[in-house]
Amino acid sequence: MLKYRKPKKAKNIPSFKQRQALGICNKKPLIHDIHEECGLFGVYGHPEAANLTYLGLYSLQHRGQEGAGICSSDGRQLFIEKSMGLVADIFTEKRLRRLPGYIAIGHNRYSTAGTSLLKNVQPIVANFALGSLAIAHNGNLVDAMELRASLESEGAIFQSTSDSEVIVHLIAHSKGSDFYERVAHAVTQINGSFSLLILREKELIAVRDPYGVRPFSLGMKDGAYVLASETCVFDLIGATYIRDIEPGELLIINEQGLESLKLFNNHRRAFCIFEFIYFSRPDSNIFGGQNVNEMRKEFGRQLARESTIDADLVIPVPDSGVPAALGFSEVSNIPFDFGLIRNHYIGRTFIEPKHNIRHFGVKIKLNPVRKLLEGKRLIVIDDSIVRGTTSKKIVKMLKEGGGAKEIHLKISSPPTIGPCFYGIDTPTRQELIASSHLTEEIRKYITADSLAYLSLEGLKNIVPNSHDYCTACFDCNYPISFPGEHLKQMEFLFR
Ligand code: AMP
């Protein structure tokens, strides 16, 4: 009989309004946590497990471009291949042939500067008393530093600086009577967001945090079970979507079939709303099968209802602004066109950890179509403003290169005022332009003729059961507490 600890109750973090009232908002943060945006794929029971994993990671490339790895098992031993770089560059036929077996897990990783190391690329493989295991993690543990310090004081030796390795040590240190109890024990000790895949010689285990922060789905391909961060993978490999991994679920897949254990009862949910805004692919259906493209279009429709303006043309900032611009055009009856052309052969500007590259980013990535834009009053739609540097460059480019007469920038999300501690790479609060500047001040900075954001209320009205979502990036209401040192530092953050 498995015995699980109850989840820790979230400590009360004062709301944004409360903190504003106390005068503890908008001050310089003291820490910037490690953020990891990642993509996961797993398969059990397929003769071409590694090849399927390669395809899965390929279609999840948008979730992480720093490095990737695949670990497979032939039922007797684990095989691992991982490197820095993009999936298609890492996995040559030769490397894929070194990954035999019918079970495999794969991981795409992106992490902020300072932790760009091969040793942090996942899956992490470890040997311990009950055999070998490989682990792949999407999310961010908010209390990894405290747990790591405590494990190190008990003699644990860490190979990487990744917070995910903490989970491996917690499993190894657990006194649980079998492997599942050890995993359950480990995941009930950690706080934060985690979608996990664990590979052993003869089985695959999936775990999702009780909040369900990151998307995680189960499907079937030729009688084999497949798991992926997003359902766009299933379309590519021809798998059928079965269901989401439930928040707080531990799913075991082995010779006996599927076994599902519920680790947390009636826990609050906190699906990441930013997956809809920016992060997931539009062709994916996430958080109970909701299509990302349709959601983004609706954000655009609502934006038009809230802030339409007389103009000649609606253009998106490609690619993330496209669905919202279509929705905006539909409601406002202003024609839509592609006024900015994107070069698809470079990564997203934010990928490059080096600052000087980011500065070239927009020019390398986007070019205005002067013939279309010259002399026009434009409504330009983007999904979000983070630091404001991209918008500023785009406005300049549309005016100077494109010859546009007016630029009305519309953002299909509310102002981003809170850094994410649960796995989306956002900068410190100080760097988030909307955390310390009013919309009119931001408009002036980016030199647009007008600027409008989607309202938080408008956003929440569109997303079904919005109380089940984390909206901390827009309202600073953090659903997962920051225990120990982190909590103190978070308090400093708002002091
Ligand atoms: P910024 O120049 O910092 O204001 O960046 C804004 C641009 O970054 C927008 O065009 C967004 O599409 C994109 N963006 C939004 N969130 C993220 C994120 N977490 N990581 C990378 N890029 C993002």
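Colleague: How many salt bridges does the structure hold?

Modeller: This is a predicted model, in which local features need pLDDT of at least 70 and side-chain atom pairs count only at pLDDT 80 or more, while totals for chains, interfaces and linings use all residues. Residues are numbered from 1 along each chain as its sequence is written, and side-chain values use heavy atoms, with hydrogens and water left out. A salt bridge is a side-chain nitrogen of Lys or Arg within 4 Å of a carboxyl oxygen of Asp or Glu. By that criterion, the number of salt bridges in the structure is 27.

Colleague: Which residue meets arginine 95 in a salt bridge, and in which strand does that residue lie?

Modeller: The side chain of arginine 95 pairs with that of glutamate 81 at 2.7 Å, N to O. The pair links distant parts of the chain, 14 residues apart, with arginine 95 in helix H4 (residues 93–97); helices (H or I, at least four residues) and strands (E, at least two) are DSSP runs, numbered from the N terminus. The partner is glutamate 81, in strand E3 (residues 78–84).

Colleague: Is glutamate 81 buried or exposed?

Modeller: Buried means under 20% relative accessible area, exposed over 50%, and partly exposed in between (1.4 Å probe, protein chains only). Arginine 95 has a relative accessible area of 17% and is buried. With a value of 10%, glutamate 81 is likewise buried.

Colleague: How many residues apart in sequence are the parts tied together by aspartate 310 and arginine 377?

Modeller: The side chains of aspartate 310 and arginine 377 form a salt bridge at 3.4 Å, N to O. Aspartate 310 sits in the loop between helix H10 (292–307) and strand E17 (313–316), and arginine 377 belongs to strand E20 (residues 377–382), so the parts that the pair ties together are separated in sequence by 67 residues.

Colleague: Why is helix H6 described as largely enclosed by the rest of the structure?

Modeller: Helix H6 spans residues 164–173. Among its buried residues are Glu165, His169 and Leu170.

Colleague: How far from cysteine 470 is the nearest cysteine sulfur?

Modeller: A disulfide is a pair of cysteine sulfur atoms within 2.5 Å, and the structure holds zero disulfides. Cysteine 470 is accordingly in no disulfide, and the nearest cysteine sulfur is that of cysteine 272, at a distance of 6.4 Å.

Colleague: What is the relative accessible area of cysteine 476?

Modeller: Cysteine 470 is buried, with a value of 9%. Cysteine 476 is also buried, and its relative accessible area is 0%.
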